Amino acid sequence: MTEPLRVALAGLGTVGAGVVRLIDANGELIARRAGRPIEVVAVSARDRSKDRGIDLDRFDWVDDPAELARHPGADAVVELVGGADGPALALARAALGAGKSFVTANKAMVAHHGLELARAAESGGVALKYEAAVAGGIPVIKGLREGAAANVIDRVYGILNGTCNFVLTKMEAEGRDFAEILAEAQRLGYAEADPSTDIDGVDAAHKLSILASLAFGAQPAFADVVVTGIRNVIAADIAEAAALGYRVRLLGMADADGKGLFQRVQPMLVPLDHPLAHVLHSTNAVVAEGNFVGRLFFQGAGAGDGPTASAVVADLIDIARGEFGPPYAMPVEALAALPPADSGERRGRDYLRFTVADKVGVLAEIAAAMRDAGVSIESLMQRGAMADGSVLVAIVTHEGPERCVAQALEKLRGSPSLKSEPMWMPILSD
Ligand code: HSE
């Protein structure tokens with residue numbers, strides 16, 4: 001057998017330890033598939049003495065992760081440290097600068113610095129691989145970069161955050177409100193102590209911007225992703241959605257035309273006959289619609305040591321085989337610089353929910369705002385008094401431009417009739 005691919009691994013948390021365990025368990029099969037063995041030769045982590053259930057004595061221990069880039073025995077570097085900047089970015093720059101292929105699971109870093117790193121990889125003739133950065137174990141980067149490479153992609157969208165899907169699924173199953181379910185998820189370890197990156201949609205936005213670049217041949221534009229998380233979804237929204245034949249899901253959605261790139265993370269209503277409505281708990285799923293292949297549906301675990309290690313080692317297998325193609329499926333120089341799309345012209349049906357004072361004229365006020373903005377109402381439900389005496393008004397609109405809905409909501413902004421911010425969720429179209 002030929003020389004092994006020698007790997008330096010930065011970060012020995014659950015995923016890093018998972019990578020070591022996976023290579024230990026499946027090494028022989030991996031070597032047959034890759035054409036040569038994959039061998040971890042050096043590791044770096046914060047705490048050397050921590051028991052990770054793996055034997056570390058066989059590896060060189062390096063205290064400073066950035067030093068791994070200079071490890072003379074390593075051909076490739078794996079980064080599982082995390083963080084958009086700091087040590088992870090320093091390691092990426094050093095590894096690629098030293099002519100070593102680089103594998104990362106770091107969505108924040110790829111979302112913020114992917115273009116720079118891809119440029120460095122291309123100019124050094126080495127690989128930059130990040131399958132584990134989007135939807136954990138689901139091979140969606142390979143799916144878009146390789147499997148669907150012959151297609152014009154019309155849109156890419158999906159459930160990109162397991163924490164949010166877990167919370168929304170549990171809210172639906174138990175009819176309880178967001179804050180209660182989140183607190184329980186934190187107690188059980190399903191949600192982080194500081195859950196904001198997940199709950200406020202930032203993690204999903206990182207992943208969406210990576211998918212959008214790949215799908216549309218566009219320069220990454222994380223700053224242009226419009227993000228709304230799930231904090232304002234209430235149990236009654238989920239119940240109303242269910243009564244109408246929908247489930248509430250936090251979706252990342254991207255599409256592009258010649259003029260602009262649309263990227264948004266937002267809770268949406270998903271029809272029950274769409275496969276995304278049946279993605280439960282912390283599972284992730286991505287849909288890509290290609291002009292020849294049709295609808296592709298990728299589903300699986302978006303996090304966890306096994307699934308994420310599976311994606312990391314798949315990237316290492318590519319590198320062992322000598323697959324060094326462009327990180328964004330086309331050379332960086334060929335990526336289009338697309339401005340953010342004008343979302344006002346997007347057409348669709350929408351769910352709007354108002355929590356209002358129970359007094360004469362409130363419904364007329366809402367209806368007048370809709371009329372004045374040119375929003376046509378398809379259905380309207382008013383539910384009786386809530387604990388604080390307010391009532392809930394849920395509206396589904398006919399299809400129309402988004403700008404009209406935005407105008408109607410703007411007109412109602414600050415109205416004393418409204419007891420809280422209105423909730424707006426677009427309905428996913430086929
Ligand atoms: N925290 C993420 C999630 C997994 O809840 O899906 C890593 O991005």
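# Spaces and buried residues in a predicted model

The largest cavity has a volume of about 70 Å³. This is a predicted model.

Me: Why is this space called a cavity?
Reply: A cavity is a set of points where a 1.4 Å probe fits but cannot get out. The structure holds one cavity of 30 Å³ or more.

Me: How do you know where the largest cavity lies among the domains?
Reply: Look at who lines it. Domain 1 (5–133) and domain 2 (140–301) both give residues to the lining, so the largest cavity lies between them. The lining residues include Leu-128, Tyr-130, Ile-141 and Pro-327. Strand 6 (128–129), helix 4 (140–147) and helix 10 each give two or more residues to this lining. Helix 4 gives the most, with four.

Me: What makes up the lining of the largest cavity, by class?
Reply: Four residues are nonpolar, none is polar and seven are charged. Asp, Glu, Lys and Arg count as charged. Lys-129, Glu-131, Arg-145 and Asp-315 are among the lining residues.

Me: How do you know where the largest pocket lies?
Reply: Its lining draws on two domains. Domain 1 (5–133) and domain 2 (140–301) both contribute, so the largest pocket lies between them. Its volume is about 1400 Å³. The pocket has 48 lining residues, and Thr-14, Val-15, Lys-107, Glu-192 and Ala-303 are the closest to its centre. Among the elements that give two or more residues are helix 1 (14–34), helix 3 (107–124) and helix 10 (305–321).

Me: Which classes of residue line the largest pocket?
Reply: The lining has 15 nonpolar, 20 polar and 13 charged residues.

Me: What makes the second largest pocket a space between domains?
Reply: Again, the lining decides. Domain 2 (140–301) and domain 3 (344–426) both give residues to it, so the second largest pocket lies between them. The volume of this pocket is about 530 Å³. It is lined by 21 residues, and Leu-409, Glu-421, Pro-422, Met-423 and Trp-424 lie nearest its centre. Strand 10 (261–271), helix 12 (402–412) and strand 18 (423–426) each give two or more residues. Helix 12 gives the most, with four residues. By class, the lining has nine nonpolar, seven polar and five charged residues.

Me: How far apart are the C-alpha centres of domain 2 and domain 3?
Reply: They lie 24 Å apart.

Me: Why is Ser-44 called buried?
Reply: Buried means under 20% relative accessible area. Ser-44 has 2%, so it is buried. Its place is in strand 2 (residues 38–44). Leaving aside neighbours within four places in sequence, Ser-44 is in contact with Leu-9, Ala-10, Gly-11, Leu-12, Val-62, Asp-63, Asp-64, Pro-65 and Leu-68.

Me: What makes Ser-44 and Val-62 a polar contact?
Reply: A polar atom of the Ser-44 side chain lies 3.0 Å from the backbone oxygen of Val-62. The cut-off for a polar contact is a pair of N or O atoms within 3.5 Å. The distance of 3.0 Å meets that cut-off.

Me: How do you know whether His-274 is buried or exposed?
Reply: Check the area. His-274 has a relative accessible area of 2%. The limit for buried is under 20%. Therefore His-274 is buried. This residue sits in the loop between strand 10 and strand 11 (283–290). Not counting residues up to four places away in sequence, His-274 touches Tyr-157, Val-287, Arg-295, Leu-428 and Asp-430.

Technical notes. Residues are numbered from 1 along each chain as its sequence is written. This is a predicted model: local features need pLDDT of at least 70, side-chain atom pairs count only at pLDDT 80 or more; totals for chains, interfaces and linings use all residues. Side-chain values use heavy atoms; hydrogens and water are left out. Buried means under 20% relative accessible area, exposed over 50%, partly exposed in between (1.4 Å probe, protein chains only). A polar contact is a pair of N or O atoms within 3.5 Å; within protein, one must be able to donate a hydrogen and the other to accept it, and residues adjacent in sequence count only if both atoms are side-chain atoms. Contact means heavy atoms within 4.5 Å. On a 1 Å grid over the protein atoms alone, a cavity is a set of points where a 1.4 Å probe fits but cannot get out, and a pocket is an open set with protein on both sides within 12 Å along at least five of seven lines; lining residues have an atom within 4 Å of a point. Grid points are joined across faces, edges and corners, and a volume is the space filled by probe spheres set on the points. Domain bounds come from an automatic or database domain assignment.
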